[in-house]
Amino acid sequence: MRVLGIESSCDETAAAIVEDGRRVLADKVASQIPVHARYGGVVPELASRNHIIEILPIIQACLDEAQMTLDQIDGIGVAAGPGLVGSLLVGVEVAKALAYSINKPLVGVNHIEGHLMAPLLDYDGPEGISGTPQFPFVGLVVSGGHTHLYRVDGVGQYSVLGATRDDAAGEAFDKVAKMLGLPYPGGVYIDRAAKEGRKDAIRFPRALPQKTNFDFSFSGVKTSVLTHLKKLERPPEPHEQHFADICASFQEAVVEVLVNKTFRAARDQRVKDVVISGGVSANSRLRQRALQVATSNNINVHIPPLHLCTDNATMIAALAHHYLPPASPENAFTNFQLNASSRQAFGKITG
Ligand code: KG4
Ligand code: ZN
């Protein structure tokens, strides 16, 4: 069963071909970062226009890499939400046209659910903290738009344990990076600068520390960085120690909360496996701390390799495998009414 996945929810145009929900045959991402960087954030109209330019060549590149023709695809999965609706629509409409042309089923899947289930993919190598997670597990999806903790009992069976009350963690990284004059998207630049800094140089606040609270809040730490910067005589320069110290201290505040809450939730739910995914799971300190805490708590942590943490279509194809026949025979016929949705819920969420 070979599934073509299509992802265009934000500023990456991506396609992938995945066999049997696990084996990656092709995986391509056309990043629009250079297009949006000069504006300091994603410009939705530009994103849609660039998806239109990139999407067919990227699908063709995947077919070439997998040495397949389109009619050898058994089904198509497309990210139908959440995200920028104009961006999503490009993927959804292309997916419908392709499904119609090869007369194969198409299913719309949820982008966040894609991140959550990405560790089910077969990957190895030193980058990914691997081994297939066993159900039930606790999953943290931490990206530019989401910071959510779930209990996952199986594909399509999720309970929300907690969520951010304001900014997503990635959004906080990007906003703090902007305050420091770093390029967009700033998470990776903070990660890099933090390597030279002292994580205990400045004590930024950790929100909602109560043991029974699994919600997050990152606007406080973001404001504290701003207040700290305003107190300085002049903005710190990237080559200065204090710049690196701010990055490391801010990063530590975010990572500590993410890791503590996730592993506390795992203990609370009595699960042995933890998944961390989404763009911010590419953060080197988050990966390091998660591994340390997992080891000391005797919990198996699963974090995808870097290219599967940020937006990609591999996770969309892998997830779609479970929602297409034969796994989901009810989806044998494409619903050509499928639409993009900027705020899409997923699975049978309880809690
Ligand atoms: O999952 P993703 O690619 O797109 C969304 O669905 O939002 O996540 C993008 C987010 C951005 O906020 C970006 O700054 C953040 O992930 N990010 C990082 C790192 N790499 C990407 N944040 C911290 N450290 C990183 N190394
Ligand atoms: Zn994402």
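A: Ile190, Asp191, Ala193 and Ala194 in H6 meet Phe243, Ala244, Cys247, Ala248, Phe250 and Gln251 in H8, where contact means heavy atoms within 4.5 Å. These contact residues divide into 8 nonpolar, 1 polar and 1 charged; Ala, Val, Leu, Ile, Met, Phe, Trp, Tyr, Cys and Pro count as nonpolar, Asp, Glu, Lys and Arg as charged, and the others, Gly among them, as polar. This is a predicted model, in which local features need pLDDT of at least 70, side-chain atom pairs count only at pLDDT 80 or more, and totals for chains, interfaces and linings use all residues. Residues are numbered from 1 along each chain as its sequence is written, chains are lettered from A and ligands numbered from 1 in the order in which they are written, and side-chain values use heavy atoms, with hydrogens and water left out.

The axes of H6 (residues 187-194) and H8 (residues 241-269) come within 8 Å and cross at roughly 115°. Here helices are DSSP runs (H or I, at least four residues), numbered from the N terminus, and axes are lines fitted to C-alpha atoms over the stretch in contact, with angles from 0 to 180 degrees between N-to-C directions. H6 and H8 are therefore roughly perpendicular to each other, a label for 65 to 115 degrees.

Now to the metal: the zinc ion (ligand 2) has His111 (NE2), His115 (NE2) and Asp311 (OD) as protein donors, 2.1 to 2.2 Å from it; donors are N, O and S atoms within 2.8 Å of the metal (3.2 Å for Na, K and Ca). His115 lies in helix H4 and Asp311 in the loop between H10 and H11, so the pair ties together parts that are 196 residues apart in sequence. His115 is buried, at 1% relative accessible area, and Asp311 is buried at 16%, buried meaning under 20% (1.4 Å probe, protein chains only).

Technical notes: Helix = DSSP H or I, 4+ residues; strand = E, 2+ residues; numbered from the N terminus. Buried < 20%, exposed > 50% of the residue type's maximum accessible area, 1.4 Å probe, protein only. Parallel < 35°, antiparallel > 145°, perpendicular 65-115°, else oblique.
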